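Here are my notes on the model you sent over. Have the structure open while you read, and go through the points in order.

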Amino acid sequence: MNLLDNLNAQQREAVTAPAGPVLVLAGPGSGKTRVLTHRIAYQISQLGIPPAAIMAVTFTNKAAREMGNRVEELLTNSVHQSNMGTFHAFSAGVVRREANLLPVTREFVIFDDADQLSIMRKILKDMNIDPKQSPPRRIQNIISAAKNELIEAPDFAANNYFNEIVRRVYELYQQKLLDNNALDFDDLLLYAVKVLRENQSVLEAYRRRYRTILVDEFQDTNTAQYTLLRLIAGENPDLFAVGDPDQSIYRWRGADYRNVLRFLEDFPGAQTILLEQNYRSTQNILDLGMAVIDKHPGRQRKALFTDRGAGELIKFHEAYDEQDEANFVLDQIQSIADDGGYDLGDMAVMYRTNAQSRILEEAFLRAGQPYRLVGAQRFYGRREVKDLVGYLRLIHNREDQVSLLRVINTPPRGIGGKTISSFLQAAEDAHVSPATILDQLATDPNAALFDRFPRRGGQALAEFGKHLKQWRAMSSEIELGNLIDRILQDTHYHAYLDDGSEEGAERWENLLELRSLAQEFTELGMSIFLEHIALISDQDTLTDGQSAPTLLTLHAAKGLEFPIVIIIGLDDGLIPHQRSFDEPEAMLEERRLFYVGITRAKDRLVLVRCFRRRFFGTSSTAEPSRYLNDLPADLLEGDVAGILTREQSAYNRQTDWNLQPMRESVESKFNVGMRVKHAKFGEGIVMDSRVDQDDEEVTVEFEEYGIKILAASVANLERNGD
DNA sequence: ATCACAATACTTTTT
DNA sequence: GTATTGTGAT
């Protein structure tokens, strides 16, 4: 069988295009990834290029794996997947191989979001910067953006007071990372570029090695990634990039769809191939998508077409609130499965923010409906998992202070705040790293150092240091899984978790799962294992198996397709998100994001919004998404009349309160004037009380503490009988 | 030093 | 609703 058989003429042209830069611009569902994987397979089989000569990079681990799998399917002989990966994974490899040219050792660890934030907070504290005025998150984002533009601390333009602060924090932050022998995500790219730029011989080695380069999701590359490509590609590259500017949704991460234009400028001889035929969606879905994206100014209009026929109308539904929304989703899933003959695994529910998944999950759980959840700290963000990974990281890289502080007293071993601060002070005074102090305490029971600590604290530190030493010695001798067993045993971690609750048992299960994952890395070693954990996105924690609907964010949906797609939360403030309101470029991205969501659907699309929505903890009426106004009415069915403004909502037009779904409402327990008693605030008088959804909010004037607003479910408030 | 409870502060999207 | 911090009791 010819591997080009299932491509059309246009796609075939792209795949067999002669060596030289090629840019494939294609609409959704035009088989971009398919073209890309065929191109890889074609290069390998027809041109006799060894897999190692191909560098194929994309955005997510999942896409990378899929790319590898598909190529493997196409070719009978299996392909080394080491050549397929994400930019970050590729860069991590470069940094590790060339560590001797960089200010880290090969044992460096990758700091995740939480790690970064924790050192950022510490720096702000040390510098006496008010975290209220300069939020650590915001500074971190600015530094991240700078790194993605390849701007290092000394070159950071301090053009105003705030940026001057950022510049100083940036410097310290970078120093701190290196002190920890650590890099953040952005550093992986930055340092890979640095080492290639500054070392001609290294660069040439990579250029010789990777003669063919392929990029997926090209519209989402940032400056660092594009620079990396250009460096390795050289002057006259066999470079093949695939992308769609309409689907650029990572601008906030430094991605710049203008790299598409830069590509054409940098490589004037490049061929551009446009793919407009869509093989995924029905014409109705495509038309709806185009109605949304055509309102996007300054883009090249694409006339997407399909020969799949019009298909079903797009269903729109207005739910009362998010509970009702979740129930509607369940309903739809059930009825489409029953009537439409679809498999539950064919369906996806998409939303703008991860927080929206919770309500869905609860509803699914209640209904006994299994689901697959993509994204959001599902596994690796768990406390117990982070603890164990912290131990491993610390064993692997003794300078990792973030991990050290995380595990030094977890489980509690008598090393409290006081002991820790004198411990860190001791390290600072002696101008050595905390790891060295710990070593000294562990080795020499009579060290003068002990005088600096409370007796018990010093002993506990020494104990901990001894364990660490042992584990380190073992780590090169025994298998990763056994090392984990040993750590868990020595720390009595099971006992620490086991509080008899279901949650404790669940946490222990998670650790066992991590252990079995570690087992798979026995051959590859701890270094690769830790890198894998850092770079993996939770996309990969998606537990396959039985067919169940998938829940995921619109961002996570990129590159995927499902026969049935339900997009929820079509309210202003969510889609588009409130945080984008005052930034025109960000608003455009929201529109593209909605477009991406729409075009994931093959057969049927359902759009849902809520009349009421709980935004922080309080519920209020929501305005329908402004994008709903762009949808042609003749493509829609359902509660179409309610989509214009909140005044037109069915829940408003009818003053029939029975429309509100039945719910368990709490009885008001407190009345105005009632005397009450609070555990802390003492006695007081109820000034006001109102029942909001499932809780009662009581305003009390206390005799000594003044007026407080309390939630009856949380506060320990009692009626004072007399 | 540790725990339990309660008040507070914070929520976009991800490698 | 959830994560983090703060406080008082043991």
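**Notes on the fold and its buried charges**

1. Before going on, some housekeeping. This is a predicted model, where local features need pLDDT of at least 70, side-chain atom pairs count only at pLDDT 80 or more, and totals for chains, interfaces and linings use all residues. Residues are numbered from 1 along each chain as its sequence is written, chains are lettered from A and ligands numbered from 1 in the order in which they are written, and side-chain values use heavy atoms, leaving out hydrogens and water.

2. Where do Asp571 and Arg609 sit in the chain? Asp571 is in the loop between strand 13 (562–567) and helix 24, while Arg609 belongs to strand 14, 38 residues apart. (Helices, H or I with at least four residues, and strands, E with at least two, are DSSP runs numbered from the N terminus.)

3. Another pair worth a look is Glu384 and Arg507, whose side chains meet in a salt bridge at 2.6 Å, N to O. This pair ties helix 15 (residues 383–396) to helix 22 (residues 502–519), across 123 residues. Glu384 is buried, its relative accessible area being 1%, and Arg507 counts as buried at 14%.

4. Next comes Arg299, which makes a salt bridge with Asp246 (2.7 Å, N to O). Arg299 lies in the loop between helix 12 and strand 9, and Asp246 in the loop between strand 7 and helix 11 (259–266), 53 residues apart. Arg299 has 17% relative accessibility, so it counts as buried; Asp246, at 5%, is buried too. Both belong to a salt-bridge network that also takes in Asp244, Asp294, Arg301 and Lys302. For the whole model, the count comes to 43 salt bridges.

5. Why call helix 12 (residues 283–293) largely enclosed by the rest of the structure? Because 10 of its 11 residues are buried. Among them are Gln283, Asn284, Leu288 and Met290. The buried residues pack against strand 9 (314–319), helix 24 (584–598), strand 14 (601–610) and strand 17 (636–638) (contact means heavy atoms within 4.5 Å).

6. Now the sheet: six strands form an open, parallel arrangement in the order 3-2-6-7-1-8 (two strands pair if DSSP finds at least two bridges between them). Strand 3 (84–86) and strand 8 (271–275) are the edges, each pairing on one side only. Neighbouring strands are turned by 15° against each other on average, direction ignored. (Axes are lines fitted to C-alpha atoms, for helices over the stretch in contact, and angles run from 0 to 180 degrees between N-to-C directions.) Strand 2 (residues 54–58) and strand 6 (residues 212–215) pair over four bridges, with Ala56 opposite Leu214.

7. Finally, two helices on those strands. Helix 1 (residues 9–16) lies across strand 1 (22–26), strand 7 (238–243) and strand 8, running at about 150° to strand 8. Helix 4 (residues 87–97) lies across strand 2, strand 3 and strand 6, at about 100° to strand 3.

How values were computed. Buried < 20%, exposed > 50% of the residue type's maximum accessible area, 1.4 Å probe, protein only. Salt bridge = Lys/Arg side-chain N within 4 Å of Asp/Glu carboxyl O.
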